[in-house]
Amino acid sequence: MVGMADEFDVIGFGAINLDKIYMVDKIPGKDEEGFVLSVEFHPGGSAANTIVGLSRLGLKASYIGKVGSDSDGDFLLKDFINEGVDTKTIIRAEGRSGTAMIFVDRDGNRAILVDPGVNDTIRYEEIDVDYVSRFRLMHLTSFICKNGEDSFISQKKLVNELDIQVSFDPGMIYVERGMGDLKDILKNTTVFLPNRREIELLTGMDYITSAHELVTMGVDVVVIKLGEEGCYIFDGKKEYTVPAYSVEAVDSTGAGDAFNAGFLYGYLKGKSLEECGKLGNLVAAMNIKKVGARAGLPKEDELKEFGEV
Ligand SMILES: Nc1ncnc2c1ncn2[C@@H]1O[C@H](COP(=O)(O)OP(=O)(O)OP(=O)(O)O)[C@@H](O)[C@H]1O
Ligand SMILES: [Mg+2]
């Protein structure tokens, strides 16, 4: 494999979900019946959103994940292909694809049923490790682990066995597992991307003290998302607080995933950490101006129009 390293830019490793949004006349209670008015299908999954963002920004992006043998699996795979994401390491398995059934009534009330499907069942032996080693960076997000621990164990093993840069957005699901479960990943993490609430829950300390603690544990760069306040970055030497863009927030779904795409785009292009923070804030701001987790994710030329790149 010598000489083959660093051929491709970024590979995600996380859940792949199909969000099925049902507009309904009412959210039925026990023994009640409701009616579906309309349905929309939106591909999702936190790492998948970030990888699609990076692909739109012109990077060579790929994904480690699993979809089922059902028509939802066809839909999800086609979507990656349409977005220019390489699907070589997406596993197709017997069973159901991961879905979230989201019921929304006329008043905007929501009820959600999540089916992890085959997401939690990715065994290390199923991953083409040589292929993954050809990427510059691997981006990890959480699996809910309701159908077993296989995918989480594979993430830990891959991070420890490969000499590859790692970015990691734990989300609340992994943070709730606690530091004991995450330290094997954290000690090999290049860029850690939690939000403020998550890092404070993980360490039990305020976010600035937490950032220093995580650098001591082996993280190279800690990047904390601060909502409308932007982000905070610490790399063991310098710290930066980068203010958010002032935008009319229409839908913040996927803001964190969009931020990750902007930040990692800058990082892989060799920008300074402060510029990476600005790019994260910018891509997140563009995304929250539109409804949906991916609708506002920009192409590289749209980003350049902002003159920040
Ligand atoms: N009201 C806002 N105005 C401008 N930018 C915002 C606003 N809210 C969020 N952002 C941008 O989005 C980024 C991510 O948002 P947030 O801090 O809420 O992350 P998160 O909680 O991980 O999001 P998610 O729930 O999508 O995972 C922020 O760092 C900021 O750049
Ligand atoms: Mg988040």
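A residue counts as partly exposed when its relative accessible area falls between the limits for buried, under 20%, and exposed, over 50%. All views below show a predicted model.

**View 1. A nonpolar surface patch involves strand E3.** With a relative accessible area of 47%, Val36 is therefore partly exposed. Val36 is placed in strand E3, which spans residues 36-44.

**View 2. Helix H1 is largely enclosed by the rest of the structure.** The helix covers residues 46-56, and it is described as largely enclosed because 10 of its 11 residues are buried. The buried residues of H1 are Ala47, Ala48, Asn49, Thr50, Ile51, Val52, Gly53, Leu54, Ser55 and Arg56. After H1 comes Gly58, which has a positive phi near 95 degrees.

**View 3. His139 is buried in strand E8.** Strand E8 is formed by residues 135-140 and includes His139. The relative accessibility of His139 is 0%, so this residue counts as buried. Apart from neighbours within four places in sequence, His139 is in contact with residues that include Ala47 and Thr50, both of which are buried in H1. Other contacts of His139 include Ile11, Gly12, Phe13, Ser167, Phe168, Asp169, Leu193, Asn260 and Leu264.

**View 4. Tyr207 and Tyr232 form an edge-to-face aromatic pair.** The count of aromatic pairs in the model comes to 12. In the pair of Tyr207 and Tyr232, the ring centres are 5.5 Å apart and the planes stand at 80 degrees to each other. Tyr207 belongs to helix H8 (residues 207-217) and Tyr232 to strand E12 (residues 231-234), so this pair ties together parts that are 25 residues apart in sequence. Tyr207 and Tyr232 are both buried.

**View 5. Ring pairs join four aromatic residues into a cluster.** The members of this cluster are Phe152, Phe168, Tyr174 and Phe192.

**View 6. Two lysine residues lie over aromatic rings.** Lys60 is positioned over the face of Phe8, 4.4 Å from the centre of the ring. In the other arrangement, Lys88 places its charged end over the ring of Tyr131, at 4.9 Å from the ring centre.

Key
Residues numbered from 1 in each chain as written. Chains lettered and ligands numbered in written order. Predicted model: local features only at pLDDT ≥ 70, side-chain atom pairs only at ≥ 80, totals over all residues. Heavy atoms only, no water. Phe/Tyr/Trp six-rings, centres within 6.5 Å; stacked < 30°, edge-to-face > 60°. Helix = DSSP H or I, 4+ residues; strand = E, 2+ residues; numbered from the N terminus. Buried < 20%, exposed > 50% of the residue type's maximum accessible area, 1.4 Å probe, protein only. Lys NZ or Arg CZ within 6 Å of the ring centre and 35° of its normal. Patch = residues over 30% accessible without salt bridge, like charges linked within 9 Å, V, L, I, M, F, W, Y side chains within 5 Å. Areas by Shrake-Rupley, 256 points an atom, 1.4 Å probe, with all protein chains shown as cover. Salt bridge = Lys/Arg side-chain N within 4 Å of Asp/Glu carboxyl O. Contact = heavy atoms within 4.5 Å.
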